[in-house]
Amino acid sequence: TAKARWAAEMGAAALLVVTPPSMRETLPLRPAEASLTGERAPIPVVMITRETLRKIAGERGAGFDRKLRSLQRQADAADGPVIPLGGAVAGEVRLESMPLEVHNVAAVLPGAGRLAGEVVVIGAHYDHLGVQYDSDSPIIYVGADDNASGVAALLLLAERLRERIETPRPGRYLTLPAYLAHRRTVVLIAFAGEERGLHGSRRFLAAEDEHPFDPAAMTGMVNLDMIGRVRERRLWAFGVERDSPWRPMVESAGREAGLILTFDDPIPGDSDHLNFERAGIRAVHLFSGMHEDYHRPTDTPEKVNTRGIARTVWLLERLIVELWGEDGEAGEDSPVARRSAIRAGLRLGVYDGSP
């Protein structure tokens with residue numbers, strides 16, 4: 001969209017996007033309906049193949065491929081003049097968006113005591129690209145990593161939390177402190193409409209009349225988007241700055257889960273955490289890395305690292321234990337009270353200067 005806006009400012013009538021020569025053309029082009037997300041371009045944008053560009057330019061032979069490779073090198077280096085290819089095109093583009101009702105799906109672990117009004121949100125989007133067609137043949141975008149992996153982690157985490165509340169018991173996993181007199185509310189939510197423009201999370205933050213959670217009470221959000229390709233136990237945790245009080249807790253939880261965490265700032269990518277950031281709520285995005293199957297039909301279940309997902313859930317469970325609440329029975333000077341005071345101060349929200 002940004003490139004189309006720039007092209008329009010330069011006087012372009014349309015933008016034709018060509019698969020660069022460094023990439024394979026083994027999959028059909030995405031249909032126009034897949035581009036009907038939030039922000040619109042000011043001019044028509046059409047994806048074309050290299051063969052179509054060859055016909056437009058009236059080129060033949062291997063010389064055209066060499067010319068394209070040279071153009072790509074110049075574009076990648078932001079160097080060189082605009083080069084007219086010749087030829088002419090004529091066409092008409094009509095886009096019609098049809099509204100579709102979808103739903104967020106949420107579960108709530110109620111808080112208690114004076115911390116019950118504070119909310120920690122754990123989210124993952126459950127929508128994907130669905131089914132598209134090439135010559136009437138269906139192409140199914142399974143979306144195993146993007147984002148069935150995040151939804152699977154969300155469901156497993158919900159099960160773990162419920163078990164530790166209802167039947168707390170010692171074992172391999174840390175027992176959640178169900179005795180806490182003061183604990184924050186935890187909302188686990190599967191967002192709809194992420195691929196179409198982050199609609200589900202935007203609606204959740206705006207729908208004050210449909211649920212009782214005020215965004216001002218949300219102390220933080222963790223976004224699970226594409227955590228299914230953990231390689232060499234490496235996981236990215238975006239949004240946890242080096243000087244953040246959350247940093248040591250996240251690092252400790254990662255070590256206990258057997259993960260090697262990589263931090264970056266600011267949070268990259270378009271996913272649901274961005275809406276929370278824009279609302280002034282600190283958000284952490286867990287991500288296992290980009291791969292060649294992103295937004296392709298080849299993002300299939302057998303390529304998912306289920307052990308990596310389980311380790312990510314363990315990290316989340318450990319982090320929630322740290323942030324969940326405090327024991328109201330402890331004295332003000334006890335170690336438990338001091339740890340609780342530290343945790344209570346580690347709010348994910350934006351600090352406004354108040355005590």
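**Sheet and helix packing**

Author: Four bridges connect strand E9 (residues 218-224) with strand E12 (residues 283-287), and the two run parallel. The model is predicted: local features need pLDDT of at least 70 and side-chain atom pairs count only at pLDDT 80 or more, while totals for chains, interfaces and linings use all residues. Residues are numbered from 1 along each chain as its sequence is written, and side-chain values use heavy atoms, leaving out hydrogens and water.

Reader: What makes E9 and E12 paired strands?

Author: Strands (E, at least two residues) and helices (H or I, at least four) are DSSP runs numbered from the N terminus. Two strands pair if DSSP finds at least two bridges between them. E9 and E12 have four bridges, so they are paired by that definition. In E12, His-285 is the bridge partner of Asn-223.

Reader: Which order do the strands of the sheet take?

Author: The open sheet has seven strands, in the order E3-E8-E4-E9-E12-E10-E11, with mixed pairing. Strand E3 (105-109) and strand E11 (260-264) are the edge strands, each pairing on one side only.

Reader: Why are H6 and H8 called oblique to each other?

Author: Helix H6 (residues 247-256) packs against helix H8 (residues 306-324) at about 140°, with axes 8 Å apart. Axes are lines fitted to C-alpha atoms, for helices over the stretch in contact, and angles between N-to-C directions run from 0 to 180 degrees. Angles under 35 degrees count as roughly parallel, over 145 as roughly antiparallel, 65 to 115 as roughly perpendicular and the rest as oblique. H6 and H8 are therefore oblique.
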